[in-house]
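Biologist: Before we talk, put the model on the screen. Then I will ask, and you will answer from the coordinates.

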Amino acid sequence: MTLTAVPAEAAALRGDIAPLEPRPGTGARAGPGAAWLLALPLGLLTLFLIGPLAMVAVTAGGTSGFRQALADPTVGSAVLRTLSIAVAVTAITLVLGTAYALAITSTRRALRALLIGVLLIGFWTSILVRTLGWVLLYEPSGPLEGLLHITRLLPAAAAINLLQTTPGMYPAMVHVMLPYMVLPIWAALRSHDPEQLRAARSLGARPFTVLRWVLLPQARAGIIAGAVLVFTLSLGFYITPRLLGGPSDITIGTLVGDQFEASLSGDFSEPAAVGLLLVVAVLVLYSVTDRLVRVTESWRP
Amino acid sequence: MASADAPLGSALGALRRPLVVLAIVTALFLLLPVATILPASLSDGASLGFPPQGLSLRWYQAVLADPGWADAAARSLRVSAAGALVALVAGTSAALGLTRLRRGTRPLRTLFMAPVVLPGVVYVLGFYSALIRVGLARSEWTIAAGQATLAFPVVLVLTSAALGGIDPNIPQAARSLGARWWTVVLRVELPMVRRSLLAAFVVAFTLCFDELVVALFLAPPSGDTVPAHIWTSAQDALAPDIAAVAVLVILSAFILLGATSLLLRGRPELRARP
């Protein structure tokens with residue numbers, strides 16, 4: 001084809017450089033148009049990402065916000081509660097998610113399509129809708145109760161009380177977070193090295209050994225990415241704890257949201273202070289791990 | 001990849017069955033809450049119970065006729081379209097820009113992807129404080145701006161992947177023929193990833209449509225989006241009409257995203273030379 005013939009030869013002469021990057025030897029750091037192309041998103045982010053975050057810092061303003069936050073007893077308990085929930089949810093989704101990803105990569109067409117389909121259904125429905133589903137499940141005389149009665153896991157007269165309770169939050173949060181855990185791990189498993197597996201098996205390794213010492217280490221990047229993603233998302237979670245948690249189940253997210261809502265005319269310094277700490281913690285965790293593994297990109301949306 | 005799964009499956013040996021069983025149980029767990037919404041929406045009675053009292057479509061009729069929901073739906077469509085459009089333009093621009101950098105892509109990507117992990121409630125708090133400071137009111141534009149920021153990373157990932165799959169010789173050819181960078185972008189690169197751009201728009205649209213926190217806290221007094229409306233209605237009591245709305249939202253998302261998936265599965269993009 002005449003269109004590609006000339007540049008192919010020219011590229012061969014030049015030593016086959018990447019086409020859009022700047023030519024070596026010109027001293028340019030970026031290809032043509034890079035500055036303009038990046039100016040738009042950078043401008044957008046400066047205005048609508050860095051701007052609001054900076055305002056959080058400003059609103060937390062000096063020490064008054066932090067002093068209020070430290071004096072407020074609900075803040076401390078909210079922080080502890082959020083941390084323990086985040087750790088628990090991450091641990092549970094880690095186990096279930098790894099099993100799920102392993103199952104997807106090791107089953108045949110029909111079952112694998114089913115597993116992937118269910119996962120995508122979960123991913124495509126909004127967090128709100130999924131949480132509403134849990135509220136419906138927990139309704140007194142609702143489906144979950146009915147299911148437990150039918151399967152005789154619960155005596156016929158007993159009722160469940162999971163709405164607005166702490167234990168009720170966990171299944172819903174795991175539900176919401178699971179796709180974020182499965183997708184990176186699955187992506188990492190798909191690029192495993194089959195030769196190492198074959199070698200391990202031929203050397204007589206038992207299945208658990210293969211899993212523990214060959215397969216999972218290869219998927220390590222995906223596992224870390226998934227765990228960090230789920231953990232950071234759990235820290236800032238608002239929707240599910242707010243809808244399913246009781247008045248004493250305050251997390252950092254619901255605390256900030258409620259205080260923000262309550263003082264809609266006035267002083268946001270306390271929620272801003274708490275929020276600032278949360279954001280800083282999340283950003284530090286994210287930027288540190290993003291250097292090692294691509295936390296937010298290691299999945300195929 | 002199919003051939004590589006046989007060794008994986010058999011390498012797991014005796015562990016395979018328990019893992020698959022656990023995965024199936026997890027899949028049921030994932031389906032359960034979504035599955036209860038549908039029967040709840042078809043309940044004939046005014047309250048939710050199990051088993052549902054009779055089957056009827058009255059709640060769907062009620063919702064579709066209700067001006068409150070219609071207004072919320074219209075607002076959602078407007079705001080999501082605007083937000084998705086902004087996210088598309090900014091995200092594609094970022095993806096194109098990143099292909100032209102030799103170094104420094106890593107820290108930029110970290111910055112660009114940051115909205116994904118950001119806690120929404122803190123973000124809206126800052127956004128609102130900024131609005132107060134500059135004297136602006138909350139409006140549909142503020143919702144769109146916040147949602148565009150949240151959808152931007154997704155667009156970036158999708159368009160980056162698409163741009164990475166085009167034959168690099170073609171834009172190179174255009175460049176060596178004397179085309180300026182904007183010509184290369186507008187008349188060579190973007191047309192080659194048309195379908196992915198559409199898909200990115202649809203995904204961003206769905207994201208914005210379903211988004212709750214920004215829509216809730218940055219909503220104008222004149223009305224809210226569908227998720228925000230669901231939220232405020234659900235605070236009082238969870239009635240079957242909310243379930244009906246939820247089913248409608250799920251269905252439209254599926255149709256939209258499913259159609260886009262099929263679209264992408266069609267003609268393969270121009271691939272890079274082996």
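Modeller: One term to begin with: a residue is buried when its relative accessible area is under 20%. This is a predicted model.

Biologist: What percentage of the 274 residues in chain B is made up of buried residues?

Modeller: The cut-off is under 20% relative accessible area. Chain B has 274 residues, and its C-alpha atoms fill a box of roughly 70 × 65 × 30 Å along the principal axes. The buried share of chain B is 53%.

Biologist: How many helices and strands does chain B have?

Modeller: Read along the sequence, chain B gives the pattern α-α-α-α-α-α-α-α-α-α-α-α-α. Among its contacts with a separation of 6 or more, 73% join residues 24 or more positions apart. The count for chain B is 13 helices and zero strands.

Biologist: Which residues touch the most other members of the largest nonpolar core?

Modeller: That core has 174 residues. Helix α8 (residues 166-190) of chain A supplies the largest share, 15 residues. The residues that touch the most other members are Tyr100(A) and Phe112(B).

Biologist: Which residues of chain B does Tyr100(A) touch?

Modeller: Leave out residues up to four places away in sequence. In chain A, Tyr100(A) then touches Leu115(A), Val118(A), Leu119(A) and Val182(A). In chain B, Tyr100(A) touches Ala23(B), Thr26(B), Ala27(B) and Leu30(B).

Biologist: What area is buried between chain B and chain A?

Modeller: The contact takes 107 residues from chain B and 111 residues from chain A. Carbon and sulfur atoms give 78% of the buried area. That area is about 10,200 Å².

Biologist: Which helix of chain B gives the most to the side that touches chain A?

Modeller: The residues on that side of chain B divide into 76 nonpolar, 19 polar and twelve charged. The top contributor gives 17 residues. It is helix α2 (residues 16-41) of chain B.

Biologist: How many salt bridges are there between chain B and chain A?

Modeller: Over all chains, the structure holds six salt bridges. Across the interface of chain B and chain A, the rule finds eight residue pairs in polar contact, both residues at pLDDT 80 or more. Yet the salt-bridge count between chain B and chain A is zero.

Biologist: Is Glu189(B) buried or exposed?

Modeller: Glu189(B) forms a salt bridge with Arg100(B), with the closest N and O atoms 2.8 Å apart. Glu189(B) lies in helix α9 (residues 181-192) of chain B and Arg100(B) in the loop between α4 and α5 (105-113), so the pair ties together parts that are 89 residues apart in sequence. Arg100(B) is buried at 1% relative accessible area. Glu189(B) also has 1%, so it counts as buried.

Biologist: Which residues does the network of salt bridges that share partners join?

Modeller: Start with Glu140(B) and Arg78(B), whose side chains meet in a salt bridge at 2.8 Å, N to O. Glu140(B) is in helix α7 (residues 140-164) of chain B and Arg78(B) in helix α4 (residues 67-99) of chain B, so this pair ties together parts 62 residues apart in sequence. Glu140(B) is partly exposed at 22%, and Arg78(B) is partly exposed at 42%. The network joins Asp71(B), Arg75(B), Arg78(B) and Glu140(B).

Biologist: In which helix do Glu195(A) and Arg198(A) both lie?

Modeller: Their side chains meet in a salt bridge at 3.2 Å, N to O. Glu195(A) is partly exposed at 48% relative accessible area, and Arg198(A) is partly exposed at 43%. The two are three residues apart, about one turn of the helix. That helix is α9 (residues 194-202) of chain A.

Biologist: Leaving aside neighbours within four places in sequence, what is Ala199(B) in contact with?

Modeller: Ala199(B) lies in helix α10 (residues 194-210) of chain B. Ala199(B) has a relative accessible area of 6%, so it counts as buried. Val63(B) is 136 residues from Ala199(B) in sequence and 29 Å away in space, C-alpha to C-alpha. The contacts of Ala199(B) are Thr260(B) and Leu264(B).

Technical notes: Residues are numbered from 1 along each chain as its sequence is written. Chains are lettered from A and ligands numbered from 1 in the order in which they are written. Side-chain values use heavy atoms; hydrogens and water are left out. A nonpolar core is a set of buried Ala, Val, Leu, Ile, Met, Phe, Trp, Tyr and Cys residues joined through side-chain atoms within 4.5 Å. Buried means under 20% relative accessible area, exposed over 50%, partly exposed in between (1.4 Å probe, protein chains only). Helices (H or I, at least four residues) and strands (E, at least two) are DSSP runs, numbered from the N terminus. Contact means heavy atoms within 4.5 Å. Buried area is the accessible area (1.4 Å probe) that two parts lose on being put together, summed over both. A salt bridge is a side-chain nitrogen of Lys or Arg within 4 Å of a carboxyl oxygen of Asp or Glu. A polar contact is a pair of N or O atoms within 3.5 Å; within protein, one must be able to donate a hydrogen and the other to accept it, and residues adjacent in sequence count only if both atoms are side-chain atoms. Ala, Val, Leu, Ile, Met, Phe, Trp, Tyr, Cys and Pro count as nonpolar, Asp, Glu, Lys and Arg as charged, and the others, Gly among them, as polar.
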